[in-house]
Amino acid sequence: MKSKISIIRCLDYEPSLVQEAVRKSIDLIGGISSYIKPKAKVLVKPNLLMAIQPEFGVTTHPEIVRAVVKLLKEIDCRIVIGDGPNVWGKQIQNIDRVYDLTGMKRISQEEGVTLVELDKRRWRGKFPLSTLLDECEYLVNVPKFKTHDLTTLTGAIKNLFGLVSGTYKTELHKNYFEHKDFAKVLVDIYQEVKPNLTIIDGILAMEGDGPATSGKLRKQNLVLAGSDCVALDAVLALIMGIKPFDVMTTKEAASRGLGKADIDSISIFGEKLHELGAEPFLLPATSILRTKIPKPIVQIAKQMIKYYPCVERDNCITCAACVQACPQKAVSIKRKKIAFDYSKCISCFCCQEACPASAIKVKKSLFAKMIGL
Ligand code: SF4
Ligand code: SF4
């Protein structure tokens with residue numbers, strides 16, 4: 001059977017427009033009751049990567065979350081909203097500040113639903129995952145459509161990484177720093193906790209060196225919905241102008257039979273896919289090697305093509321989020337300046353992801369520059 005997904009246009013985050021678009025996206029694939037049982041307890045999981053306001057386009061917009069909550073309320077669900085962003089020490093970023101700045105606190109108060117912390121965990125399969133997954137009968141995934149310097153795309157599958165509790169996320173980055181290994185970890189998580197429904201905020205998307213402040217905002221004006229995260233990510237890849245299998249999580253998940261990545265196996269309702277991807281996304285510098293260069297050349301040149309983080313000093317506010325985020329302890333502050341120890345760096349770009357000031361950029365090895373990457 002084909003996987004059903006919907007794509008709906010939504011021009012901005014005006015609440016009534018968003019509510020109409022989210023409702024339509026779910027109605028076109030069978031309606032909310034086809035996925036969530038009335039009166040059930042539901043965990044709504046947005047992407048709240050960092051403590052930053054919605055207009056920066058880094059986090060799921062609160063009006064998307066509100067629209068999802070309103071639909072769940074119509075079928076009398078008991079709703080909790082939560083995410084598990086990395087918290088870099090209480091002074092730099094704590095969960096209260098994340099919920100406040102991203103607009104989740106306001107939405108939860110106005111809609112009368114509970115904001116929860118995902119700090120309690122239990123081992124499920126290979127990972128310590130939030131116990132909220134045990135307490136809630138349903139999981140509704142509400143990601144943001146962005147590029148990602150480690151995984152090329154962060155959409156439906158990658159958003160579930162926030163369910164891994166606490167500092168264990170850093171451990172996973174440290175232990176599985178090869179892209180293909182990290183993709184397997186993300187797919188293991190997806191396999192363990194498949195969401196019942198996913199609604200993607202693709203109104204203000206991100207291209208370039210995402211997923212945080214170093215990425216470039218891009219008005220894409222879309223809301224997507226479905227229950228097959230593999231199919232959703234495959235369609236996001238096509239909108240970006242790349243092949244679905246260029247995204248390793250999609251390739252890995254499809255190879256395990258966890259969803260459909262072949263466009264002929266996906267029924268798309270709403271907008272026509274071929275009318276959406278006119279201008280390809282600017283890809284993260286680190287992913288050009290994975291997506292644009294033929295594999296035999298990559299194998300030969302792999303050792304010479306390297307990417308490292310570097311700091312734009314004018315932007316740096318010496319907040320130390322990058323120091324806290326680095327799984328290798330390769331970042332330090334010396335005489336009020338950020339310094340990298342490249343002998344320890346594994347190019348995971350957690351430092352760039354944590355930077356609130358767009359101060360960490362991608363530096364290329366000489367060979368990478370010479371061949372025009
Ligand atoms: S580079 Fe970014 S994260 Fe690191 S100290 Fe500067 S502003 Fe903070
Ligand atoms: S310096 Fe940045 S890219 Fe290098 S290991 Fe640390 S977090 Fe990862």
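**Exercise 1. In which loop is the place of F349? Work out its backbone angle and its burial too.**

Solution. This is a predicted model.
- Start with the place: F349 sits in the loop between β15 and α13 (350–354).
- Next, take the backbone. Phi of F349 is near 60 degrees, which is a positive value in a residue other than glycine.
- Last, judge burial. Buried means under 20% relative accessible area. F349 has 3% relative accessibility, so F349 counts as buried.

**Exercise 2. Locate K336, then decide: is K336 buried or exposed?**

Solution. 
- Find the loop. K336 lies between β14 (331–334) and β15 (337–340).
- Check the angle. K336 is not glycine, yet its phi is positive, near 65 degrees.
- Apply the cut-off. Exposed means over 50% relative accessible area. K336 has a relative accessible area of 73%, so K336 is exposed.
- F349 is buried, whereas K336 is exposed.

**Exercise 3. Describe the overall build of the chain.**

Solution. 
- Count the elements. The chain has 14 helices and 16 strands.
- A compact globule of 373 residues would have a radius of gyration near 21 Å; the chain has 20 Å, so the value agrees with a compact globule.
- Along the principal axes, the C-alpha atoms fill roughly 55 × 45 × 40 Å.
- Look at burial. Of the 373 residues, 58% count as buried.
- Look at the contacts. Take those between residues at least 6 apart in sequence: 75% of them join residues at least 24 apart.

**Exercise 4. Why is strand β7 described as largely enclosed? Name its partners as well.**

Solution. 
- Count buried residues. In β7 (residues 138–142), 5 of the 5 residues are buried, so the rest of the structure largely encloses the strand.
- Sort the side chains. Y138, V140 and V142 point one way. L139 and N141 point the other way. Both groups are buried.
- Find one partner. Strand β2 (residues 41–46) runs parallel to β7, with 5 bridges between them. Here V44 stands opposite V140.
- Find another partner. Strand β10 (residues 197–208) is also parallel to β7, joined by 2 bridges. In this pair V140 stands opposite L197.

**Exercise 5. Which residues of helix α9 are buried? Say what covers them and what follows the helix.**

Solution. 
- List them. In α9 (residues 248–255) the buried residues are T249, T250, E252, A253 and A254.
- Find the cover. The elements over these residues include α7 (179–192) and α8 (229–240).
- Step past the end. Just after α9 comes G257, with a positive phi of about 75 degrees.

How values were computed:
Residues are numbered from 1 along each chain as its sequence is written. Chains are lettered from A and ligands numbered from 1 in the order in which they are written. This is a predicted model: local features need pLDDT of at least 70, side-chain atom pairs count only at pLDDT 80 or more; totals for chains, interfaces and linings use all residues. Side-chain values use heavy atoms; hydrogens and water are left out. Helices (H or I, at least four residues) and strands (E, at least two) are DSSP runs, numbered from the N terminus. The radius of gyration is taken over C-alpha atoms; the globule rule is 2.2 Å times the number of residues to the power 0.38. Buried means under 20% relative accessible area, exposed over 50%, partly exposed in between (1.4 Å probe, protein chains only). Contact means heavy atoms within 4.5 Å. Two strands pair if DSSP finds at least two bridges between them.
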